[in-house]
Amino acid sequence: MARRPIYLCMMLIVPLLSAWFFFDLMENGVVERTPVGIVDLDKSDLSRKLTRNLNAMQQVRITKSYHNYADAIDAVQRGEVYGFFFIPSDFSTKALSNKKPTLSYYIDYAYYAPASMQFKGFKTVSVLANAGIVMNVLTTLGMPGEQVSATLQPIVTHVHPLKNPWLSYNYYLSSSFVPCLIALLVMLITTFSIGMEWHAGTSRNWMRTAGNSITLATFTKLFPHSCIFITVGLWIQYMMYVTYGFPLNCNPWNMIIAMVLLVLACQGFALFIVSLVPNFRYSATICTLLGMLSFSFCGFSLPEEAMYSWVSPLGYLMPIKYYFLISADQALNGIDLFYSRYYYVALIVYILIPATMLWKLKKNCIDPFYIP
Amino acid sequence: MPEYKSKYGWIGTVARVFSREFKLVLRDEAVIIFFIVLPAVYPPLYSLIYNTEVARDEPVVVVDESRSTLSREFIRQLDATPDVWVKDYAADMNQARDMMARKQCYGIYYFPADFENKVYEGSQGHVTLYCDMSVMMRYKAMLTALTNVQMHMGSEIQGDKSAHVIDLGGGFVESKQVPLGNTSMGIASAVLPFILVFVIQQSLLLGIAMLHAGGMGRRRRNKGHDHLQIKATPGALLIGKTLCYLVIYIIPSIFTLYIIPLIFHFPINGNFMEIMYMLIPFLISSAMFGLVMRVFVNNREGVFLVIAFTSLIFVFLAGVSWPEYLTPFYWKALAQVIPGYWASSAYVRMQVDGASLSQVSNMYWALWILAALWFVIAYLTEVMVLRRKYKAMQLECDIDPTALQKRTLYQQGDDDMLNPELLDDDEEEE
């Protein structure tokens, strides 16, 4: 293995660099100050006040003002801004005479995260605009102050995004994507290292070196990989929880053990596939395809309960799903270890599962299966 | 060995390279898989996973200490929203937290005992949402439901209370949201258009690297010579190959960028022909990019490992999850040399937002500039790296004819076995 620099590169440099890439890219954490435009056809004191309020919002930043709707749409299509706020020409006259003018906000939903942020900013400003006028009217009519705010907003809401009150994208996305990338690399390297024995026609030799014991052969082959990957995995956890300050609300050992089990489970998973499908080409394809798709079907972005009912169970085929659930339970939510017990068990099962198929691998190594 | 000279001059050489490359593609099963099968299979799989677009009916529980008409009405309206599903009532917060830990629900709505009284007393009633943050879309759904019901009920109560002073009935100013481009506001229509473009770029890179690795395999077995490669000048070679890929990719491109959105109901607001025009510089620059990147690949198995993880990083660099305006400048600089970065942006603006080619002309021209840039670099690598490497291989074989095979065996960790007929590098793939 050491003679092929590509392996070492894939096992050390690639995971560490990619992890750093994700952490660094989203270090800001929160999507804010989305560039937006404004179309103010009213040009009154009221509309100018609205514009100022909008600019004070953390979610958006007015980069340009447009003279009409067509210019603004053109700017969205060109990519100058991600959306715009539209104030109609009769806004202040209508508002002050109780004729209910409509403020509209146009949001480009081709860009998901900026769109959500714009919605929040635009909606808040519109609601505040209404509140401002109502408050004025009610105070003029002589309603006492506290009653005004109660009339304005009879029901108040409090939202507690548990353990991630900053709504950091980094904490949410990197903590699932980076381990998933490690899982993909572990599965690929495992498949390739065994597959290459067939491919190069050295599998018989490999068995002979291990005294014809398949357990010894696979153990000695994969154990050095495990050590390297576990070291890399723990290093990445260190970067996450210490350097970049991701939430770690549990005993650190819970996550360390989860990472060790993840690496071993992915090796077990790949070994199982290789034993089951003794064709290098097919087993490598299966591992890569599942590894790449697990970014999607394990429910990191679209939650599993929202997928088609036949897609979401697929996630539970992959070891990374259990690591993800552990990291949500333990590192993020910090709940009792008791609730995550099955996920740890599942990872252990993946480590043991190839034992059932090793006889087949042995047969295939001694009597290689050729695909022309 | 003399270089190939066509009697039709330079054009003839290009044509010769073109037809030979075509044959090389056709005889290589692995390359066919990357050029044709991958763009045909991967996008539908991806689309199916995300096709539900939005998180609907997220399971939540309610802790209602108010037990009043008003709180029940609030809960009924929550349940009626498309976003959440009130799965159960919990006796208290402890029970609710336990249900959340068991993943029976992902959010808790809490109504304090004085909820209704406060509202009717003329002060404000409070509702609290606790929500699991492991997946952002759940939070978004629960928040949307809460805000909508709060506003709706708020204006009803407002109307009742202020009726004696003035008719407020919902307030003075109304507001409405107009989604542009992706009118379903779903995740598939937002993410997939980017991914589709990268599927084309990455499959092209994979195939080119695979063809090159195949050539290197032949050189290793054949004393540094590739008998299937036309001996053309570097320029003619690169252009001939690129034209070949361009022709092969017409059908996969149309399928991926047009038929897939049609099947899965992603936005199709672009002009078909204009998107095709944009694809020409995109495919040329991707092919040239691939013809540079292939120098890093000597073995066919290496190809696969490299492409798998770069795909993910390229897609992120294009701004699919994390917006471009918050990307640090060095990552942005890196992104700008990747053809897919400009092409995905242009494609999304045209196909989703309905822009015309002239509106995305800066991206279109950036692709042509990249095509030129990568052509120059590919030319230099062909002359200064690859041809020198081939020469070195040939020289080495003049001294020891088995030198290259020995090295292969050494790398495979096999010191005692020399079994050249098993060393067929063509036998492999993804």
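Modeller: In chain A, helix α5 (residues 112–140) packs against helix α6 (residues 145–152) at an angle of about 140 degrees, and their axes are 10 Å apart. This is a predicted model, where local features need pLDDT of at least 70, side-chain atom pairs count only at pLDDT 80 or more, and totals for chains, interfaces and linings use all residues. Residues are numbered from 1 along each chain as its sequence is written, while chains are lettered from A and ligands numbered from 1 in the order in which they are written.

Biologist: Why are α5(A) and α6(A) called oblique to each other?

Modeller: Angles under 35 degrees count as roughly parallel, over 145 as roughly antiparallel, 65 to 115 as roughly perpendicular and the rest as oblique. The angle here is about 140 degrees. The pair is therefore oblique.

Biologist: Which residues of α5(A) meet α6(A)?

Modeller: Contact requires C-beta atoms, placed from the backbone, within 7 Å. Ala131(A), Val134(A), Met135(A), Leu138(A) and Thr139(A) meet Val148(A), Thr151(A) and Leu152(A) of α6(A). By class, this contact has 6 nonpolar, 2 polar and no charged residues.

Biologist: What makes β1(A) and β2(A) a pair?

Modeller: Pairing needs at least two bridges found by DSSP. Strand β1 (residues 34–40) of chain A has 6 bridges to β2(A), so they pair, and they run parallel.

Biologist: Why do β2(A) and β5(B) stand at the edges?

Modeller: The open sheet has 5 strands in the order β2(A)-β1(A)-β3(A)-β4(A)-β5(B). β2 (60–66) of chain A and β5 (174–180) of chain B each have a single partner strand, so one side of each is left without a neighbour in the sheet.

Notes
Axes are lines fitted to C-alpha atoms, for helices over the stretch in contact, and angles run from 0 to 180 degrees between N-to-C directions. Helices (H or I, at least four residues) and strands (E, at least two) are DSSP runs, numbered from the N terminus. Two residues are in contact if their C-beta atoms, placed from the backbone, lie within 7 Å. Ala, Val, Leu, Ile, Met, Phe, Trp, Tyr, Cys and Pro count as nonpolar, Asp, Glu, Lys and Arg as charged, and the others, Gly among them, as polar.
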